[in-house]
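Good morning, and thank you for coming. Please look at the protein on the screen while I speak about its charged residues.

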Amino acid sequence: MQRKAYVPGIAVLLAAGLAACTGGSGSDGTAADPKPGGVSVSTPAAQPGKYRTLPEACAAVSHDSLDSLLPGIKQIADQDQREKAYEGQATLTYDTDRRVGCGWKVDSTDATDHLLVDFERVVSYDNAVSDDSRAQDVYATEETAANLPAPSDSATPSDTGTPTATSSATPSTSASSSASASTSAGASETPADLQPRKLSDLGDEAFLNDKLNSASSTAQQRTVTVVFRTSNVIVRIEYAEQPTASSGTPDSKEMQDRARNLAQKLVDRLND
């Protein structure tokens, strides 16, 4: 008995199926694939940030810097205790690729000093937004929250009371203004160049904050904060001091200089 030939029939079905896949339409009537010769346009992904990792926070601050910021550390007689003080205490974080920190607290004969250093690597999960752009937004939010005084609030040569051609104040008005300015200056007790402000010489952008608070009924604590951004990494330094003497007040310039020196060293370390 002669067998029937099925191969041609199967070939026809396969050909029909391939034609349906390549030339068919979508369920809504639109073409499933671009027409021959069509150009597919794709938006390039935003650039990743410069930094892919973070330094080990507790090792990022040198012993020399800690000696300057925490004078009591050199007063610790026991060598093991002194080495432990240098090590600091790592901040608890859940993703060390994204955020790390370290804190130190040391007592001296004159004061208690605190230091906290925090590194944050900002990553954008939006292909249209670069890591740097996202980091700029995070930094800007933090700077706004610091509520820095406007640059015009700083003293300038024209604010020293020297008469100008455009001045139309009467003698009584001038006296009143001078008295008000004197009262304001006495209340702040902080020179203009030590007021909270933006810093133009640190990383891509930076600011400094300086606050004097009553830590207790008899003592005042000064806290100097420096925050800077370099590419997609934001670094925060918080440096606080509380004198042991009830009448003592931490020196603003000295603390700001120490915090800014540390910030510059951390910038250099990130750029190595």
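Let us begin with E83, which counts as partly exposed because its relative accessibility is 35%; buried means under 20% relative accessible area, exposed over 50%, and partly exposed in between, with a 1.4 Å probe and protein chains only. E83 sits in helix 3, residues 79–87, where helices (H or I, at least four residues) and strands (E, at least two) are DSSP runs numbered from the N terminus.

A word on the source: this is a predicted model, in which local features need pLDDT of at least 70, side-chain atom pairs count only at pLDDT 80 or more, and totals for chains, interfaces and linings use all residues. Residues are numbered from 1 along each chain as its sequence is written, and side-chain values use heavy atoms, leaving out hydrogens and water.

The protein has 6 helices and 7 strands. Of its 272 residues, 31% count as buried.

I turn now to salt bridges, each a side-chain nitrogen of Lys or Arg within 4 Å of a carboxyl oxygen of Asp or Glu. How many does this rule give? The count is 12.

One of them joins R229 and E205, whose closest N and O atoms are 2.7 Å apart. R229 lies in strand 6 (residues 220–230) and E205 in strand 5 (residues 205–214), so this pair ties together parts 24 residues apart in sequence. Is R229 buried or exposed? R229 counts as buried, because its relative accessibility is 6%, whereas E205 is partly exposed at 24%.

Finally, a network of salt bridges links R99, D118, E120, E142 and R236.
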